[in-house]
Amino acid sequence: MSITRFPGGLLVGAGLMYFFDPARGRKRRARLAELVLHAQRVERVLVGKAARDAKQRMRGLGGKVRHALEDDVTDGVLQSRARAAIGRVVSHPGAIECEIDGGHAVLRGPILASEARDAIARVARIPGIHGVIDDRLERHLSSDVPALQGGRTVRRQRETWPPSRQVGAIGSGLALALYGLVVKRGVLGTAVGAAGGALAVRGLVNRPLRELVEPSGEIVVQKTITVAAPIHMVFDLWTRPDQFPRFMEHVRDVEIQGAHSKWRVDGPAGQNIEFVSRVTRLVPDRVLAWHTLPDQPIEHEGTVRFDEVADGTRVHVTMRYHPPGGLVGHAVAHLLGWDPKRRLDDDLVRMKALLEDGHTRAHGQRVSIVDVQ
């Protein structure tokens, strides 16, 4: 079958056009090479962490086996283990008293009702403890007593996997995907391949699968830079977004529409993205904050803080956005060259050069500070 007839031929052609574009192809190929090198470094680091994690877990397993075989474990040692176990599942472990008598546990004190079952189960599973023979826990539906106020948050479910489990998931997921799609094939092979691919992706990004596609997944980008310029000059430049396209490479156009501003910026694969935002906080020479209006292609919000320092002005930018398609959409956009952090870094460097040197370059042209005043 000719590649032009094969559906994948369209993807191959689109990829060739994207990476060999006369205007931006070189930059895109360089970006792809950087991503490959970065992936190799991440792989080496992850494999090293997985090896150390597996070694430590084997030591821990050996310790548990030794403890299980010990016949002369004292009640004091068992009590310490019980308190440690309680501390892992209870938000207020200091409120609980634990006594061990002949290998039998006695628990008393106030506890949140939602945590009681886990606490008892953890103590009962400790090698050497024969069970909780006396449950005197005072269960409360809320923190209505002083002993249960404050405390810490207990994560009910582990959201991330340790390195050894990550590597195992990636390896087994890829093996299943290859087996299903290349060897088995058919409906069953497709199902096996999809399951393997999902497992590999879960291990690669190390986040729950539901977060990979849900649009509520939030990406936070932060950057701090010091500019050798008076704070009022830096703040004044940031309050005139209609001038941003002159010195920010990735901003194409900004149109002021009363209290709102309409932006057109570079998007993934050379496409433009338009959105409308409004300023939510404005403190002269101190704070500038904004967020997009509802139902925008990419919902985001940001805050810029200005601090006067000895060398000039420190600018701290924090931006939060919700990529379409969750973390998977963010990863795809990152591969296509749309990386908000990288773009923010580039544009802040141009802003710094413009204010300090009086000129910079954007869109292939030289721009001076006079042009934006």
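Residues are numbered from 1 along each chain as its sequence is written. In this predicted model, local features need pLDDT of at least 70 and side-chain atom pairs count only at pLDDT 80 or more, while totals for chains, interfaces and linings use all residues.

Two packed helices are described by the angle between their axes and the distance between the axes. Take H5 (residues 163-184) and H6 (residues 186-205) to begin with: their axes come within 7 Å and cross at roughly 160°. Here axes are lines fitted to C-alpha atoms, for helices over the stretch in contact, with angles running from 0 to 180 degrees between N-to-C directions; helices are DSSP runs (H or I, at least four residues), strands are too (E, at least two), and both are numbered from the N terminus. H5 and H6 are therefore roughly antiparallel, the label for angles over 145 degrees. Contact (heavy atoms within 4.5 Å) involves Ala 169, Gly 173 and Leu 176 of H5, among others, and residues of H6 including Gly 189, Gly 193 and Gly 196. By class, this contact has 12 nonpolar, 11 polar and 1 charged residues; Ala, Val, Leu, Ile, Met, Phe, Trp, Tyr, Cys and Pro count as nonpolar, Asp, Glu, Lys and Arg as charged, and the others, Gly among them, as polar.

Next up are H3 (residues 75-89) and H4 (residues 113-124), whose axes come within 9 Å and cross at roughly 150°. These two are therefore roughly antiparallel as well. Ala 82, Ala 85, Ile 86, Arg 88 and Val 89 in H3 meet Glu 115, Asp 118, Ala 119, Arg 122 and Val 123 in H4.

Strand E7 (272-283) is one of the elements supplying at least two lining residues, and its 6 residues make up the largest share. The lining divides into 22 nonpolar, 7 polar and 4 charged residues.

Definitions and conventions. Heavy atoms only, no water. Parallel < 35°, antiparallel > 145°, perpendicular 65-115°, else oblique.
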